[in-house]
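Hi,

Here is the structure I promised to pass on. Have a look at it first, and then read on for my notes.

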Amino acid sequence: MTDVSLGMPQLPAPDYPAEVRSRLEADAAEVIARYPDSRSALLPLLHLVQSEEGHVTRTGMRFCAEMLDLTTAEVTAVATFYTMYRRKASGDYQVGVCTNTLCAVMGGDAIFEELQRHLELGNGETTEDGKVTLEHIECNAACDFAPVVMVNWEFFDNQTVDSAKRLVDDLRAGRTVTPTRGAPLCTFKETARILAGFPDPRPGAVEAGGSAGPASLTGLRLAKGEEAPGRVVSPRHGGAPQDETPPAHPSSHDAPQRTSASDPHHPSGPVAEEGE
């Protein structure tokens, strides 16, 4: 019979150095004051401690627990539930390749496989220079622009294997990289602080934005009952816009349809009790 070692209990997490603790306490107090119930501030506080070290450490979770009068188990349960909180040291730039269905068939799988080979990384691993962490991620709600790569949550649309390789090479070399849409790029720690609710210092970041793609906008027009021809463009191949007339009879996928709950002329019948 093989012996099983139960190990020693884990020691309590160390505290932050006094200067760091003082600075974080001031920031945390500002965050907590925004909420009527202090425990509601847990998510932004986890972003705050992530902005300090680049990931959520045991020390960071201890800090959140003490500031919010929670147990470390309660904080850990939240920090381990959301993938936006990193549990180990990661790079300045989190490069996420969407491998969900549409992005995958449009080239996302090929991009992710080639970046793993190019960077010599597995999923969730970081380059030796600490610049890039590579991961595959689920849908970014940007299917019109598939395949999509995100860097610190900023969009890089209509990617190819070659453009994605240039992107990570530029990030590692310190060259300026501009997202397809949205705010200018910043480091992961800076992103975490912004997500904690502090002002975004990037020039033009607040004004920056991005629109849905032509397919989504066509769907919106159909949902509104509009039948004007849509303009469908292909940003990937640079083709000329083509006219496309929406179908005269939208399917259930194109527009909301009446149901027994919404149509007074066809009300639903009585609901039977369990066992009847």
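Which residues do ring pairs link into a cluster? They are Phe81, Tyr82 and Tyr85. Before going further, keep in mind that this is a predicted model.

On the aromatic side, the count comes to 3 aromatic pairs. One of them joins tyrosine 16 and phenylalanine 63: the ring centres are 5.9 Å apart and the planes stand at 70 degrees, so this pair is edge-to-face. Tyrosine 16 sits in the segment before helix H1 (18-32), while phenylalanine 63 belongs to helix H3 (residues 58-68), so the pair ties together parts that are 47 residues apart in sequence. Both tyrosine 16 and phenylalanine 63 are buried.

Phenylalanine 81 counts as exposed, because its relative accessibility is 62%. Tyrosine 82 has a relative accessible area of 33%, so it is partly exposed.

Two arginines are worth a click as well. The charged end of arginine 34 is placed over the ring of phenylalanine 198, 5.4 Å from the ring's centre. Arginine 181 lies over the face of phenylalanine 155, and there the distance to the ring centre is 4.0 Å.

The largest pocket has a volume of about 360 Å³. It is lined by 19 residues, and those closest to its centre are Thr83, Tyr85, Arg86, Gly124 and Glu135. Strand E3 (residues 132-137) gives the largest share of the lining, 3 residues. Sorted by class, the lining has 8 nonpolar, 7 polar and 4 charged residues.

Last, the cysteines. How many disulfides does the structure hold? The number is 0. Cysteine 143 is in no disulfide, and the nearest cysteine sulfur, that of cysteine 139, is 4.0 Å away; the cut-off for a disulfide is within 2.5 Å. Cysteine 143 is partly exposed, with 36% relative accessible area. Cysteine 64, on the other hand, is buried, at 0% relative accessibility.

Cheers

Technical notes. Residues are numbered from 1 along each chain as its sequence is written. This is a predicted model: local features need pLDDT of at least 70, side-chain atom pairs count only at pLDDT 80 or more; totals for chains, interfaces and linings use all residues. Side-chain values use heavy atoms; hydrogens and water are left out. On a 1 Å grid over the protein atoms alone, a cavity is a set of points where a 1.4 Å probe fits but cannot get out, and a pocket is an open set with protein on both sides within 12 Å along at least five of seven lines; lining residues have an atom within 4 Å of a point. Grid points are joined across faces, edges and corners, and a volume is the space filled by probe spheres set on the points. Helices (H or I, at least four residues) and strands (E, at least two) are DSSP runs, numbered from the N terminus. Ala, Val, Leu, Ile, Met, Phe, Trp, Tyr, Cys and Pro count as nonpolar, Asp, Glu, Lys and Arg as charged, and the others, Gly among them, as polar. Rings of Phe, Tyr and Trp (its six-membered ring) pair if their centres lie within 6.5 Å; planes under 30 degrees apart count as stacked, over 60 as edge-to-face and the rest as tilted. Buried means under 20% relative accessible area, exposed over 50%, partly exposed in between (1.4 Å probe, protein chains only). A charge sits over a ring if NZ of Lys or CZ of Arg is within 6 Å of the ring centre and within 35 degrees of the ring normal.
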